[in-house]
Amino acid sequence: MRVNVSVNGERMSADDVWEGESLLYVLRERLGLPGAKNACEQGECGSCTVYLDGVTVCACLVAAGQAEGREVITVEGLSSGGGTRSEDVSAEGEPADGGLDEVQRCFVEAGAVQCGFCTPGLVVQAHSLIAGASGVPADAEIREALAGNLCRCTGYEKILDAVRLAAARACAARDTPLVPPQQGASDD
Amino acid sequence: MDFLRPGTWEEALAMKAARPDATPIQGGTDVMVEINLDKGRPAALLDLNPVAELAEWSWTGDGAPMLRVGAGVTYARLIAELGGWLPGLAQASRTVGSPQIRNRGTVAGNLGAASPAGDGHPPLLASGALVEAASVRGTRLIPIAEFYLGVKRNALEDDELIRAVHVPPAAGPQYFSKIGTRNAMVIAVCSFAIALRPEERRAGTGIGSAAPTPRRAYAAEEFLAGELDWDGRGPLDPALARRFGELVAEAASPIDDVRGRAAYRRHALGVMARRALGWAWTDHTAGPAGRAPERSGDSG
Ligand SMILES: Cc1cc2nc3c(=O)[nH]c(=O)nc-3n(C[C@H](O)[C@H](O)[C@H](O)COP(=O)(O)OP(=O)(O)OC[C@H]3O[C@@H](n4cnc5c(N)ncnc54)[C@H](O)[C@@H]3O)c2cc1C
Ligand code: FES
Ligand code: FES
(Lines give C-alpha, C1' and ligand atoms only; values in the text may rest on other atoms or scores of the structure.)
(Ligands and ions follow the chains in the order given, each with its own letter.)
Protein backbone atom coordinates (compact mmCIF):
# COMPACT_ATOMS: atom_id res chain seq x y z
CA MET A 1 0.00 0.00 0.00
CA ARG A 2 1.00 3.65 -0.31
CA VAL A 3 1.52 5.74 2.81
CA ASN A 4 1.50 9.55 2.74
CA VAL A 5 2.99 11.29 5.73
CA SER A 6 4.49 14.65 6.56
CA VAL A 7 8.02 14.15 7.85
CA ASN A 8 9.99 17.08 9.24
CA GLY A 9 7.62 19.44 7.49
CA GLU A 10 7.93 17.77 4.10
CA ARG A 11 5.15 15.74 2.49
CA MET A 12 6.49 12.32 1.64
CA SER A 13 5.04 9.10 0.37
CA ALA A 14 6.25 5.53 0.39
CA ASP A 15 5.05 2.81 -1.95
CA ASP A 16 4.81 -0.95 -1.59
CA VAL A 17 4.55 -0.67 2.18
CA TRP A 18 3.61 -4.00 3.76
CA GLU A 19 0.45 -3.66 5.87
CA GLY A 20 2.17 -4.92 9.02
CA GLU A 21 5.21 -2.67 8.57
CA SER A 22 6.17 -0.14 11.25
CA LEU A 23 6.59 3.59 10.84
CA LEU A 24 10.21 3.04 11.90
CA TYR A 25 10.86 0.76 8.95
CA VAL A 26 9.26 3.21 6.54
CA LEU A 27 11.35 6.11 7.87
CA ARG A 28 14.63 4.23 7.79
CA GLU A 29 14.33 1.93 4.80
CA ARG A 30 11.94 3.74 2.47
CA LEU A 31 12.32 7.46 3.19
CA GLY A 32 16.08 7.55 3.79
CA LEU A 33 15.90 8.85 7.36
CA PRO A 34 18.09 6.56 9.48
CA GLY A 35 18.21 8.91 12.51
CA ALA A 36 15.65 6.96 14.53
CA LYS A 37 17.36 3.68 15.40
CA ASN A 38 16.05 0.15 15.35
CA ALA A 39 17.19 -1.87 18.34
CA CYS A 40 14.45 -3.89 20.02
CA GLU A 41 11.29 -3.42 17.93
CA GLN A 42 9.22 -3.95 21.06
CA GLY A 43 8.98 -0.55 22.69
CA GLU A 44 11.57 -1.32 25.36
CA CYS A 45 14.56 0.80 24.37
CA GLY A 46 13.25 4.11 23.03
CA SER A 47 15.97 4.42 20.39
CA CYS A 48 13.27 4.81 17.71
CA THR A 49 11.55 7.74 19.48
CA VAL A 50 9.97 10.31 17.12
CA TYR A 51 7.22 12.90 17.43
CA LEU A 52 3.85 11.84 15.99
CA ASP A 53 1.42 14.78 15.89
CA GLY A 54 3.42 16.49 18.62
CA VAL A 55 3.80 13.66 21.14
CA THR A 56 6.72 11.27 21.42
CA VAL A 57 6.14 7.65 20.45
CA CYS A 58 8.13 4.53 19.68
CA ALA A 59 8.10 4.51 15.88
CA CYS A 60 8.55 0.73 15.96
CA LEU A 61 5.08 0.37 17.53
CA VAL A 62 3.20 2.61 15.11
CA ALA A 63 1.86 0.73 12.09
CA ALA A 64 2.95 2.66 9.01
CA GLY A 65 -0.65 2.95 7.86
CA GLN A 66 -1.55 4.63 11.16
CA ALA A 67 0.75 7.54 10.23
CA GLU A 68 -1.24 8.26 7.05
CA GLY A 69 -1.84 11.99 6.78
CA ARG A 70 -0.13 12.74 10.09
CA GLU A 71 2.94 14.73 11.08
CA VAL A 72 6.17 13.07 12.09
CA ILE A 73 9.28 14.82 13.34
CA THR A 74 12.46 12.77 13.60
CA VAL A 75 15.80 13.71 15.08
CA GLU A 76 16.82 14.89 11.62
CA GLY A 77 14.04 17.47 11.82
CA LEU A 78 15.36 19.03 15.02
CA SER A 79 18.50 20.32 13.34
CA SER A 80 18.77 22.22 10.11
CA GLY A 81 21.90 20.41 9.02
CA GLY A 82 25.42 21.80 8.68
CA GLY A 83 28.62 20.86 10.44
CA THR A 84 28.85 18.77 13.53
CA ARG A 85 31.80 20.19 15.47
CA SER A 86 30.90 22.98 17.82
CA GLU A 87 34.44 24.42 17.57
CA ASP A 88 33.97 25.04 13.87
CA VAL A 89 33.03 28.63 13.21
CA SER A 90 31.71 29.85 9.90
CA ALA A 91 32.86 33.00 8.12
CA GLU A 92 29.98 34.91 9.74
CA GLY A 93 31.14 33.89 13.20
CA GLU A 94 28.21 31.53 13.72
CA PRO A 95 29.11 28.08 14.98
CA ALA A 96 29.16 25.73 12.00
CA ASP A 97 26.90 23.42 13.96
CA GLY A 98 24.38 26.25 13.98
CA GLY A 99 22.04 23.68 12.59
CA LEU A 100 22.12 21.56 15.72
CA ASP A 101 19.29 21.87 18.17
CA GLU A 102 20.32 23.13 21.60
CA VAL A 103 19.51 19.73 23.12
CA GLN A 104 21.87 18.05 20.65
CA ARG A 105 24.58 20.62 21.37
CA CYS A 106 24.23 19.98 25.11
CA PHE A 107 24.57 16.21 24.59
CA VAL A 108 27.85 16.86 22.77
CA GLU A 109 29.11 19.35 25.35
CA ALA A 110 28.22 17.22 28.35
CA GLY A 111 29.86 14.12 26.89
CA ALA A 112 26.54 12.30 26.84
CA VAL A 113 27.31 10.54 23.56
CA GLN A 114 29.48 7.44 23.43
CA CYS A 115 28.54 4.91 20.74
CA GLY A 116 25.62 7.18 19.92
CA PHE A 117 23.08 4.48 19.20
CA CYS A 118 20.66 5.64 21.89
CA THR A 119 21.28 9.34 21.25
CA PRO A 120 18.64 10.18 18.61
CA GLY A 121 15.86 8.70 20.73
CA LEU A 122 17.12 10.36 23.89
CA VAL A 123 17.48 13.70 22.13
CA VAL A 124 13.88 13.61 20.87
CA GLN A 125 12.52 12.49 24.26
CA ALA A 126 14.60 15.11 26.15
CA HIS A 127 13.50 17.73 23.61
CA SER A 128 9.87 17.01 24.41
CA LEU A 129 10.50 17.10 28.17
CA ILE A 130 12.19 20.49 27.93
CA ALA A 131 9.62 21.92 25.54
CA GLY A 132 6.86 21.10 28.03
CA ALA A 133 8.68 22.09 31.22
CA SER A 134 8.51 25.38 33.02
CA GLY A 135 11.92 25.67 34.62
CA VAL A 136 14.63 23.04 34.98
CA PRO A 137 12.93 19.71 35.72
CA ALA A 138 13.87 17.98 38.96
CA ASP A 139 16.12 14.94 38.59
CA ALA A 140 13.21 12.66 39.40
CA GLU A 141 11.21 14.18 36.55
CA ILE A 142 14.10 13.77 34.12
CA ARG A 143 14.56 10.15 35.13
CA GLU A 144 10.86 9.47 34.72
CA ALA A 145 10.73 11.19 31.32
CA LEU A 146 13.69 9.13 30.11
CA ALA A 147 12.64 5.84 31.75
CA GLY A 148 11.84 4.33 28.36
CA ASN A 149 15.21 5.13 26.76
CA LEU A 150 18.01 2.66 27.36
CA CYS A 151 21.72 3.45 27.03
CA ARG A 152 24.32 0.71 27.30
CA CYS A 153 27.36 3.00 27.38
CA THR A 154 27.15 6.15 29.44
CA GLY A 155 25.70 5.08 32.76
CA TYR A 156 23.21 7.94 32.30
CA GLU A 157 24.97 10.52 34.50
CA LYS A 158 26.24 12.54 31.55
CA ILE A 159 22.85 12.27 29.92
CA LEU A 160 21.28 13.82 33.02
CA ASP A 161 23.96 16.55 32.87
CA ALA A 162 23.09 17.21 29.23
CA VAL A 163 19.37 17.48 29.93
CA ARG A 164 19.89 19.81 32.91
CA LEU A 165 22.16 22.00 30.78
CA ALA A 166 19.73 22.10 27.89
CA ALA A 167 16.83 22.90 30.22
CA ALA A 168 18.77 25.72 31.87
CA ARG A 169 19.63 27.20 28.48
CA ALA A 170 16.04 26.89 27.32
CA CYS A 171 14.95 28.82 30.43
CA ALA A 172 17.53 31.49 29.78
CA ALA A 173 16.42 31.78 26.17
CA ARG A 174 12.77 32.03 27.19
CA ASP A 175 13.64 34.29 30.11
CA THR A 176 11.81 32.02 32.57
CA PRO A 177 13.07 31.39 36.10
CA LEU A 178 15.15 28.23 36.55
CA VAL A 179 12.96 27.07 39.40
CA PRO A 180 9.24 27.02 38.63
CA PRO A 181 6.93 28.66 41.15
CA GLN A 182 5.90 26.24 43.90
CA GLN A 183 2.78 24.46 42.77
CA GLY A 184 -0.11 23.59 45.00
CA ALA A 185 1.11 25.79 47.90
CA SER A 186 -2.17 24.71 48.99
CA ASP A 187 -5.45 25.70 50.44
CA ASP A 188 -5.70 22.73 52.76
CA MET B 1 -2.61 -8.75 5.17
CA ASP B 2 -5.17 -5.98 4.68
CA PHE B 3 -5.12 -2.57 6.30
CA LEU B 4 -8.60 -1.23 6.98
CA ARG B 5 -9.09 2.48 7.66
CA PRO B 6 -12.62 3.35 8.75
CA GLY B 7 -13.36 7.08 8.81
CA THR B 8 -16.26 6.85 11.23
CA TRP B 9 -17.44 4.59 14.06
CA GLU B 10 -20.29 3.22 11.90
CA GLU B 11 -17.76 2.30 9.22
CA ALA B 12 -15.55 0.63 11.81
CA LEU B 13 -18.47 -1.52 13.01
CA ALA B 14 -19.44 -2.40 9.44
CA MET B 15 -15.85 -3.39 8.62
CA LYS B 16 -15.59 -5.52 11.76
CA ALA B 17 -18.87 -7.25 10.88
CA ALA B 18 -17.62 -7.95 7.34
CA ARG B 19 -14.17 -8.99 8.54
CA PRO B 20 -14.52 -10.65 11.97
CA ASP B 21 -10.95 -11.90 11.51
CA ALA B 22 -9.57 -8.33 11.49
CA THR B 23 -7.46 -7.29 14.49
CA PRO B 24 -8.34 -3.84 15.82
CA ILE B 25 -5.32 -1.62 16.42
CA GLN B 26 -5.43 1.49 18.61
CA GLY B 27 -2.10 2.43 20.25
CA GLY B 28 -0.47 -0.64 18.74
CA THR B 29 1.68 -1.19 21.84
CA ASP B 30 0.51 -4.80 22.08
CA VAL B 31 -0.41 -5.49 18.44
CA MET B 32 2.83 -4.21 16.88
CA VAL B 33 5.05 -6.11 19.31
CA GLU B 34 3.36 -9.33 18.15
CA ILE B 35 3.80 -8.47 14.48
CA ASN B 36 7.40 -7.24 14.84
CA LEU B 37 8.42 -10.36 16.74
CA ASP B 38 6.44 -12.54 14.33
CA LYS B 39 4.31 -14.04 17.06
CA GLY B 40 1.31 -14.07 14.77
CA ARG B 41 0.14 -12.44 11.55
CA PRO B 42 -3.32 -10.90 11.72
CA ALA B 43 -5.37 -11.43 8.54
CA ALA B 44 -6.13 -7.71 8.60
CA LEU B 45 -5.50 -4.66 10.77
CA LEU B 46 -8.48 -2.42 11.55
CA ASP B 47 -6.97 0.98 12.41
CA LEU B 48 -9.16 2.83 14.89
CA ASN B 49 -6.97 5.98 15.01
CA PRO B 50 -8.95 7.79 12.30
CA VAL B 51 -12.20 7.46 14.29
CA ALA B 52 -11.93 10.84 16.01
CA GLU B 53 -14.79 10.41 18.49
CA LEU B 54 -12.98 7.52 20.18
CA ALA B 55 -10.42 9.99 21.53
CA GLU B 56 -13.06 11.86 23.53
CA TRP B 57 -14.46 11.41 27.04
CA SER B 58 -17.73 12.67 28.44
CA TRP B 59 -20.15 12.36 31.38
CA THR B 60 -22.96 9.87 31.10
CA GLY B 61 -25.53 8.00 33.16
CA ASP B 62 -28.77 9.22 34.66
CA GLY B 63 -28.75 9.41 38.41
CA ALA B 64 -25.26 8.24 39.25
CA PRO B 65 -22.88 9.91 36.81
CA MET B 66 -20.16 7.91 35.07
CA LEU B 67 -17.22 8.98 32.98
CA ARG B 68 -17.43 7.52 29.49
CA VAL B 69 -13.80 7.19 28.47
CA GLY B 70 -13.50 6.69 24.69
CA ALA B 71 -11.44 3.75 23.46
CA GLY B 72 -8.89 6.12 21.94
CA VAL B 73 -8.09 8.10 25.11
CA THR B 74 -4.42 7.43 25.85
CA TYR B 75 -2.97 6.77 29.29
CA ALA B 76 -1.16 10.12 29.13
CA ARG B 77 -4.43 11.99 28.56
CA LEU B 78 -6.30 9.93 31.14
CA ILE B 79 -3.70 10.89 33.76
CA ALA B 80 -3.72 14.57 32.79
CA GLU B 81 -7.44 15.08 32.19
CA LEU B 82 -9.24 12.52 34.36
CA GLY B 83 -6.83 11.86 37.25
CA GLY B 84 -8.90 13.95 39.66
CA TRP B 85 -12.03 11.82 39.18
CA LEU B 86 -10.36 8.48 38.57
CA PRO B 87 -7.35 8.52 40.92
CA GLY B 88 -6.99 4.72 41.10
CA LEU B 89 -7.01 4.26 37.33
CA ALA B 90 -4.68 7.24 36.93
CA GLN B 91 -2.20 5.79 39.44
CA ALA B 92 -2.21 2.50 37.56
CA SER B 93 -1.83 4.33 34.23
CA ARG B 94 1.23 6.15 35.55
CA THR B 95 2.96 2.80 36.03
CA VAL B 96 2.36 1.61 32.46
CA GLY B 97 5.55 1.34 30.39
CA SER B 98 7.26 4.63 29.62
CA PRO B 99 6.08 8.08 28.49
CA GLN B 100 6.26 6.92 24.87
CA ILE B 101 4.04 3.90 25.67
CA ARG B 102 1.59 6.04 27.68
CA ASN B 103 1.38 8.50 24.76
CA ARG B 104 -0.02 5.70 22.57
CA GLY B 105 -1.45 2.96 24.78
CA THR B 106 -5.07 2.91 25.93
CA VAL B 107 -7.24 1.26 28.57
CA ALA B 108 -9.37 -0.18 25.74
CA GLY B 109 -6.25 -1.85 24.33
CA ASN B 110 -5.48 -3.20 27.79
CA LEU B 111 -9.02 -4.68 27.86
CA GLY B 112 -8.68 -6.01 24.31
CA ALA B 113 -5.45 -7.78 25.21
CA ALA B 114 -6.98 -9.01 28.51
CA SER B 115 -3.61 -9.98 29.94
CA PRO B 116 -3.97 -10.99 33.59
CA ALA B 117 -1.07 -8.59 34.26
CA GLY B 118 -2.63 -5.52 32.60
CA ASP B 119 -2.45 -2.60 35.00
CA GLY B 120 -5.80 -1.10 34.02
CA HIS B 121 -7.80 -4.07 35.27
CA PRO B 122 -7.51 -3.90 39.09
CA PRO B 123 -8.72 -0.28 39.39
CA LEU B 124 -11.53 -0.94 36.89
CA LEU B 125 -12.64 -3.91 39.00
CA ALA B 126 -12.36 -1.96 42.25
CA SER B 127 -14.50 0.89 40.97
CA GLY B 128 -17.13 -1.25 39.21
CA ALA B 129 -16.58 -0.12 35.61
CA LEU B 130 -18.66 -1.15 32.57
CA VAL B 131 -17.27 -1.99 29.14
CA GLU B 132 -19.31 -0.49 26.30
CA ALA B 133 -19.13 -3.07 23.50
CA ALA B 134 -20.73 -2.34 20.15
CA SER B 135 -21.40 -4.09 16.86
CA VAL B 136 -23.75 -3.57 13.91
CA ARG B 137 -26.22 -5.59 16.01
CA GLY B 138 -26.26 -3.03 18.82
CA THR B 139 -24.55 -1.91 22.00
CA ARG B 140 -24.22 -3.64 25.37
CA LEU B 141 -22.66 -2.67 28.68
CA ILE B 142 -20.60 -5.51 30.15
CA PRO B 143 -19.92 -5.35 33.91
CA ILE B 144 -16.16 -5.44 34.26
CA ALA B 145 -16.11 -8.52 36.49
CA GLU B 146 -17.84 -10.46 33.68
CA PHE B 147 -15.51 -9.20 30.97
CA TYR B 148 -12.48 -11.40 31.66
CA LEU B 149 -13.01 -15.02 30.61
CA GLY B 150 -9.53 -16.52 30.73
CA VAL B 151 -5.87 -15.83 30.07
CA LYS B 152 -5.94 -13.21 27.28
CA ARG B 153 -9.61 -14.00 26.61
CA ASN B 154 -12.44 -11.52 27.01
CA ALA B 155 -16.21 -11.40 26.50
CA LEU B 156 -16.14 -9.58 23.13
CA GLU B 157 -17.84 -11.31 20.21
CA ASP B 158 -16.02 -11.53 16.85
CA ASP B 159 -17.96 -8.61 15.41
CA GLU B 160 -17.72 -6.38 18.50
CA LEU B 161 -15.47 -3.44 19.26
CA ILE B 162 -14.95 -1.56 22.51
CA ARG B 163 -16.45 1.90 22.11
CA ALA B 164 -15.64 3.15 25.63
CA VAL B 165 -15.26 2.19 29.24
CA HIS B 166 -17.67 3.71 31.77
CA VAL B 167 -16.12 4.42 35.15
CA PRO B 168 -17.83 5.98 38.17
CA PRO B 169 -15.91 8.96 39.56
CA ALA B 170 -14.23 8.16 42.86
CA ALA B 171 -16.64 8.19 45.79
CA GLY B 172 -13.75 8.01 48.26
CA PRO B 173 -10.03 7.32 48.40
CA GLN B 174 -8.55 4.95 45.79
CA TYR B 175 -5.13 3.33 45.62
CA PHE B 176 -3.19 1.10 43.23
CA SER B 177 -0.09 -0.86 44.15
CA LYS B 178 2.18 -2.89 41.87
CA ILE B 179 5.23 -5.08 42.40
CA GLY B 180 7.96 -5.05 39.74
CA THR B 181 11.71 -5.20 39.43
CA ARG B 182 12.06 -1.55 38.47
CA ASN B 183 10.04 1.60 39.05
CA ALA B 184 9.27 1.86 35.32
CA MET B 185 8.74 -0.35 32.29
CA VAL B 186 7.72 -3.48 34.16
CA ILE B 187 4.96 -5.99 33.75
CA ALA B 188 3.42 -6.48 37.18
CA VAL B 189 4.59 -9.45 39.26
CA CYS B 190 1.27 -8.83 40.97
CA SER B 191 -0.87 -5.79 41.65
CA PHE B 192 -3.77 -4.62 43.78
CA ALA B 193 -6.35 -1.83 43.74
CA ILE B 194 -8.79 -0.60 46.34
CA ALA B 195 -11.64 1.91 46.10
CA LEU B 196 -13.50 3.03 49.23
CA ARG B 197 -17.15 4.09 48.93
CA PRO B 198 -17.85 5.36 52.47
CA GLU B 199 -21.41 6.48 51.72
CA GLU B 200 -22.28 2.93 50.66
CA ARG B 201 -20.12 1.53 53.46
CA ARG B 202 -18.37 -0.64 50.94
CA ALA B 203 -14.96 -1.03 49.36
CA GLY B 204 -14.13 -2.44 45.92
CA THR B 205 -11.00 -4.48 45.19
CA GLY B 206 -9.09 -5.73 42.18
CA ILE B 207 -6.25 -8.23 41.95
CA GLY B 208 -3.85 -8.34 38.99
CA SER B 209 -1.36 -10.91 37.76
CA ALA B 210 -2.21 -13.49 40.40
CA ALA B 211 -4.87 -15.63 38.70
CA PRO B 212 -5.80 -16.59 35.10
CA THR B 213 -7.83 -13.38 34.94
CA PRO B 214 -7.89 -10.16 36.90
CA ARG B 215 -10.44 -10.64 39.70
CA ARG B 216 -12.14 -9.11 42.71
CA ALA B 217 -11.54 -10.35 46.25
CA TYR B 218 -15.20 -10.77 47.19
CA ALA B 219 -14.76 -12.16 50.69
CA ALA B 220 -12.32 -9.38 51.52
CA GLU B 221 -14.85 -6.78 50.31
CA GLU B 222 -17.61 -8.31 52.45
CA PHE B 223 -15.28 -8.36 55.42
CA LEU B 224 -14.61 -4.60 55.11
CA ALA B 225 -18.30 -3.85 54.60
CA GLY B 226 -19.09 -5.62 57.85
CA GLU B 227 -16.08 -4.85 60.00
CA LEU B 228 -14.79 -1.36 59.15
CA ASP B 229 -15.95 1.35 61.52
CA TRP B 230 -17.31 3.52 58.71
CA ASP B 231 -18.74 6.21 60.98
CA GLY B 232 -15.95 6.47 63.48
CA ARG B 233 -12.99 8.36 62.11
CA GLY B 234 -10.49 6.56 64.28
CA PRO B 235 -7.30 4.83 63.16
CA LEU B 236 -7.41 1.51 61.34
CA ASP B 237 -7.25 -1.56 63.59
CA PRO B 238 -4.02 -3.37 62.60
CA ALA B 239 -5.61 -6.78 63.16
CA LEU B 240 -8.45 -5.86 60.80
CA ALA B 241 -5.98 -4.68 58.16
CA ARG B 242 -4.00 -7.91 58.49
CA ARG B 243 -7.12 -10.04 58.14
CA PHE B 244 -8.09 -8.05 55.05
CA GLY B 245 -4.65 -8.78 53.56
CA GLU B 246 -5.09 -12.49 54.26
CA LEU B 247 -8.49 -12.55 52.59
CA VAL B 248 -7.13 -10.79 49.51
CA ALA B 249 -4.25 -13.26 49.31
CA GLU B 250 -6.70 -16.16 49.62
CA ALA B 251 -8.76 -14.81 46.71
CA ALA B 252 -5.79 -15.18 44.34
CA SER B 253 -4.74 -18.35 42.54
CA PRO B 254 -1.26 -17.46 41.37
CA ILE B 255 1.26 -19.58 39.48
CA ASP B 256 5.05 -19.83 39.43
CA ASP B 257 6.48 -18.14 36.34
CA VAL B 258 9.51 -16.15 35.19
CA ARG B 259 8.35 -13.02 36.98
CA GLY B 260 7.69 -14.57 40.37
CA ARG B 261 6.70 -17.58 42.40
CA ALA B 262 3.13 -18.27 43.47
CA ALA B 263 4.04 -18.15 47.16
CA TYR B 264 5.74 -14.79 46.74
CA ARG B 265 2.77 -13.38 44.84
CA ARG B 266 0.37 -14.47 47.57
CA HIS B 267 2.56 -12.97 50.26
CA ALA B 268 3.05 -9.71 48.34
CA LEU B 269 -0.69 -9.37 47.70
CA GLY B 270 -1.40 -9.60 51.42
CA VAL B 271 1.14 -6.87 52.13
CA MET B 272 -0.08 -4.61 49.30
CA ALA B 273 -3.71 -5.01 50.33
CA ARG B 274 -2.97 -4.20 53.97
CA ARG B 275 -0.95 -1.12 53.04
CA ALA B 276 -3.39 0.13 50.39
CA LEU B 277 -6.24 -0.12 52.89
CA GLY B 278 -4.11 1.83 55.37
CA TRP B 279 -3.43 4.66 52.89
CA ALA B 280 -7.07 4.82 51.86
CA TRP B 281 -8.31 4.82 55.46
CA THR B 282 -5.89 7.59 56.41
CA ASP B 283 -7.28 9.74 53.58
CA HIS B 284 -10.82 8.88 54.57
CA THR B 285 -10.36 9.87 58.18
CA ALA B 286 -8.63 13.09 57.09
CA GLY B 287 -11.97 14.21 55.68
CA PRO B 288 -13.21 15.67 52.43
CA ALA B 289 -9.76 16.72 51.16
CA GLY B 290 -9.41 13.27 49.64
CA ARG B 291 -12.62 13.60 47.61
CA ALA B 292 -12.79 13.85 43.86
CA PRO B 293 -13.40 17.32 42.43
CA GLU B 294 -16.84 18.43 41.27
CA ARG B 295 -17.99 17.25 37.87
CA SER B 296 -17.32 19.69 35.01
CA GLY B 297 -17.33 19.72 31.18
CA ASP B 298 -16.53 16.98 28.66
CA SER B 299 -13.36 16.72 26.56
CA GLY B 300 -12.97 18.39 23.17
C1 LIG C 1 7.48 -1.49 26.32
C2 LIG C 1 6.08 -1.83 26.77
C3 LIG C 1 5.74 -1.71 28.11
C4 LIG C 1 4.46 -2.03 28.53
N5 LIG C 1 4.17 -1.88 29.86
C6 LIG C 1 2.93 -2.17 30.29
C7 LIG C 1 2.61 -2.01 31.68
O8 LIG C 1 3.44 -1.58 32.48
N9 LIG C 1 1.35 -2.33 32.07
C10 LIG C 1 0.40 -2.78 31.19
O11 LIG C 1 -0.72 -3.04 31.59
N12 LIG C 1 0.69 -2.95 29.87
C13 LIG C 1 1.93 -2.65 29.41
N14 LIG C 1 2.22 -2.82 28.08
C15 LIG C 1 1.21 -3.40 27.19
C16 LIG C 1 0.34 -2.36 26.44
O17 LIG C 1 0.98 -1.10 26.39
C18 LIG C 1 -1.01 -2.18 27.11
O19 LIG C 1 -1.70 -3.40 27.15
C20 LIG C 1 -1.88 -1.12 26.41
O21 LIG C 1 -2.98 -0.83 27.24
C22 LIG C 1 -2.38 -1.55 25.05
O23 LIG C 1 -3.12 -0.47 24.49
P24 LIG C 1 -3.04 -0.12 22.93
O25 LIG C 1 -4.02 0.95 22.66
O26 LIG C 1 -1.64 0.14 22.52
O27 LIG C 1 -3.53 -1.51 22.30
P28 LIG C 1 -3.31 -2.21 20.90
O29 LIG C 1 -1.96 -2.80 20.80
O30 LIG C 1 -3.74 -1.30 19.80
O31 LIG C 1 -4.38 -3.38 21.06
C32 LIG C 1 -4.28 -4.34 22.09
C33 LIG C 1 -5.36 -5.39 21.94
O34 LIG C 1 -6.65 -4.81 22.10
C35 LIG C 1 -7.40 -4.93 20.91
N36 LIG C 1 -8.13 -3.66 20.77
C37 LIG C 1 -7.60 -2.40 20.76
N38 LIG C 1 -8.58 -1.48 20.69
C39 LIG C 1 -9.75 -2.17 20.66
C40 LIG C 1 -11.12 -1.77 20.59
N41 LIG C 1 -11.51 -0.48 20.56
N42 LIG C 1 -12.07 -2.76 20.57
C43 LIG C 1 -11.71 -4.06 20.63
N44 LIG C 1 -10.43 -4.49 20.71
C45 LIG C 1 -9.46 -3.55 20.72
C46 LIG C 1 -6.41 -5.22 19.82
O47 LIG C 1 -6.98 -5.95 18.76
C48 LIG C 1 -5.39 -6.04 20.58
O49 LIG C 1 -5.83 -7.37 20.74
C50 LIG C 1 3.50 -2.49 27.61
C51 LIG C 1 3.83 -2.60 26.26
C52 LIG C 1 5.11 -2.26 25.83
C53 LIG C 1 5.44 -2.37 24.38
S1 FES D 1 13.30 -0.06 18.59
FE2 FES D 1 11.47 0.93 19.17
S3 FES D 1 11.65 0.96 21.32
FE4 FES D 1 13.38 -0.20 20.74
S1 FES E 1 25.85 5.96 23.96
FE2 FES E 1 25.94 3.88 23.42
S3 FES E 1 23.95 3.19 23.93
FE4 FES E 1 23.96 5.17 24.71
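Start with the rings: a search of the whole structure finds 6 aromatic pairs over all chains. Rings of Phe, Tyr and Trp (its six-membered ring) pair if their centres lie within 6.5 Å, and planes under 30 degrees apart count as stacked, over 60 as edge-to-face and the rest as tilted.

This is a predicted model, in which local features need pLDDT of at least 70 and side-chain atom pairs count only at pLDDT 80 or more, while totals for chains, interfaces and linings use all residues. Residues are numbered from 1 along each chain as its sequence is written, chains are lettered from A and ligands numbered from 1 in the order in which they are written, and side-chain values use heavy atoms, with hydrogens and water left out.

**Rings in chain B**

Select Phe147(B) and Tyr148(B). These two form an edge-to-face aromatic pair, 5.7 Å centre to centre with 85 degrees between the planes. Are these residues buried or exposed? Phe147(B) counts as buried because its relative accessibility is 0%, and Tyr148(B) is buried with a relative accessible area of 7%. Buried means under 20% relative accessible area, exposed over 50%, and partly exposed in between (1.4 Å probe, protein chains only).

Next, select Trp57(B), Trp59(B) and Trp85(B), which ring pairs link into a cluster. Then go to Trp9(B): the charged end of Arg163(B) sits over its ring, 5.8 Å from the centre. For this, NZ of Lys or CZ of Arg must be within 6 Å of the ring centre and within 35 degrees of the ring normal.

**Helix α3 of chain B**

Select residues 75–82 of chain B, which make up helix α3. Helices (H or I, at least four residues) and strands (E, at least two) are DSSP runs, numbered from the N terminus. Which residues of this helix are buried? They are Tyr75(B), Leu78(B), Ile79(B) and Leu82(B). These residues lie on the same side of α3(B), because they cover an arc of only 115 degrees around the axis. The arc is that of the directions from the helix axis to the C-beta atoms.

**The nonpolar cores**

In soluble globular proteins, nonpolar side chains tend to be buried together. A nonpolar core here is a set of buried Ala, Val, Leu, Ile, Met, Phe, Trp, Tyr and Cys residues joined through side-chain atoms within 4.5 Å. The largest nonpolar core has 76 residues, of which Leu27(A), Leu31(A), Leu111(B), Leu124(B), Ile144(B) and Phe147(B) touch the most other members.

Centre the view on Leu124(B). Leaving aside neighbours within four places in sequence, Leu124(B) is in contact (heavy atoms within 4.5 Å) with Leu89(B), Val107(B), Leu111(B), Ala129(B), Ile144(B), Tyr148(B), Val165(B) and Val167(B).

**Domains**

Domain bounds come from an automatic or database domain assignment. Colour chain B by domain 1 (2–167) and domain 2 (174–286). Their centres, taken over C-alpha atoms, are separated by 25 Å. Across the boundary, 24 residues of domain 1 of chain B are in contact with 28 residues of domain 2 of chain B.

Now do this for chain A, with domain 1 (3–77) and domain 2 (86–174). Here 22 Å separate the centres, taken over C-alpha atoms, and 14 residues of domain 1 of chain A are in contact with 12 residues of domain 2 of chain A. Chain A has 6 helices and 5 strands, in the pattern β-β-α-β-β-β-α-α-α-α-α along the sequence. Of its 188 residues, 48% are buried.

Select Leu178(A), in the segment after α6 (157–174) of chain A. Leu178(A) counts as partly exposed, at 46% relative accessibility. Not counting residues up to four places away in sequence, Leu178(A) touches Gly135(A), Val136(A), Ala168(A) and Cys171(A). Pro137(A) is 41 residues from Leu178(A) in sequence and 8.8 Å away in space, C-alpha to C-alpha.

Move to Asp16(A), in the loop between β2 (10–14) and α1 (23–30) of chain A. Its phi is near 55 degrees, a positive value in a residue other than glycine, and Asp16(A) is exposed, with a relative accessible area of 65%.

Finish at Lys152(B), in the loop between β8 (148–150) and β9 (153–154) of chain B. Lys152(B) is not a glycine but has a positive phi of about 55 degrees. Lys152(B) counts as exposed because its relative accessibility is 56%.
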